[in-house]
Amino acid sequence: MVKSILVIAAHPDDEVLGCGGAIASYTAQGVPVNIIFLADGISSRDAHNISELECRHLAAKKAAHCLGISDISFSDFPDNQLDTVPLLSIVKQVEQAIARYRPDTVFTHHVGDVNIDHQKVHQAVVTACRPQPQHPVKTLLFFEVASSTEWQPPGSAPNFQPNWFIDISHTLTLKQQALAFYKEELRPFPHSRSQEAVTALARWRGATVGVKAAEAFILGRHLDESSH
């Protein structure tokens, strides 16, 4: 049984795209969920200012509230430049978050995403969650992010081949509502980062496992302690 969840995302909006429905489902069950964002999400853009960053943070807070989360935190690593940051620095940020929240379940990025920040966050999380004695994290789940995961050409990186699904039939609407707070990041259909495409993906992932809507993940590791 999941007791506590930490979502470790590169940018604000990744959490909703990747596991927004699952977040809403777990918080509705009373499971505490926390989120840490490691990159700011806008500093790589040609024209940006502090007010844009504040707007992105505000959108993240509104989305989190919509999904039933009260506590999120932000790091300030440069957007789309995590490959210029020593991996150890990112790992330490992740380790601090794990020490603070003591989650038994962590959701984070798939390593094969085309976005470099997603790749580096994945590497940092896997390193920080190496299975040492007494480590709190027992389950690692890697999510897909529309407009990143599916853009990686076959053979360039590991494919996203999900083997873990979470039914979000009853929380898809909340995922859609939370995503709407990131309106500046959304694009018109048929862009894959559109409301229509995200909904279609949830419906398709659900159909592949016999439910109305689902989110798909790759299970990185799971330690079953139910017999203890």
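Helix 6 contributes the most residues to the lining of the largest cavity, namely four. The structure is a predicted model, in which local features need pLDDT of at least 70 and side-chain atom pairs count only at pLDDT 80 or more, while totals for chains, interfaces and linings use all residues. Residues are numbered from 1 along each chain as its sequence is written, and side-chain values use heavy atoms, with hydrogens and water left out.

Helices (H or I, at least four residues) and strands (E, at least two) are DSSP runs, numbered from the N terminus. On a 1 Å grid over the protein atoms alone, a cavity is a set of points where a 1.4 Å probe fits but cannot get out; a pocket is an open set with protein on both sides within 12 Å along at least five of seven lines; lining residues have an atom within 4 Å of a point. Grid points are joined across faces, edges and corners, and a volume is the space filled by probe spheres set on the points.

One cavity of 30 Å³ or more is counted. The largest cavity holds about 100 Å³. Helix 1, helix 6 (195-207) and strand 7 each supply at least two of its lining residues. Among the lining residues are Leu17, Glu144, Lys175, Arg205 and Glu215. By class, seven are nonpolar, one is polar and four are charged. Here Ala, Val, Leu, Ile, Met, Phe, Trp, Tyr, Cys and Pro count as nonpolar, Asp, Glu, Lys and Arg as charged, and the others, Gly among them, as polar.

Seven strands form an open sheet of mixed pairing, in the order 3-2-1-4-5-7-6. Strands pair if DSSP finds at least two bridges between them. Strand 3 (72-77) and strand 6 (164-167) are the edges; each has a single partner strand, so one side of each lacks a neighbour in the sheet. Strand 6 runs antiparallel to strand 7 (residues 214-222), joined by four bridges. In this pair, phenylalanine 165 stands opposite alanine 216.

Phenylalanine 107 belongs to strand 4 (residues 105-109). Its relative accessible area is 2%, hence buried (under 20%; exposed is over 50%, partly exposed in between; 1.4 Å probe, protein chains only). Beyond its neighbours within four places in sequence, phenylalanine 107 contacts residues including Ile8, Cys19, Tyr26 and Phe217 (contact: heavy atoms within 4.5 Å).
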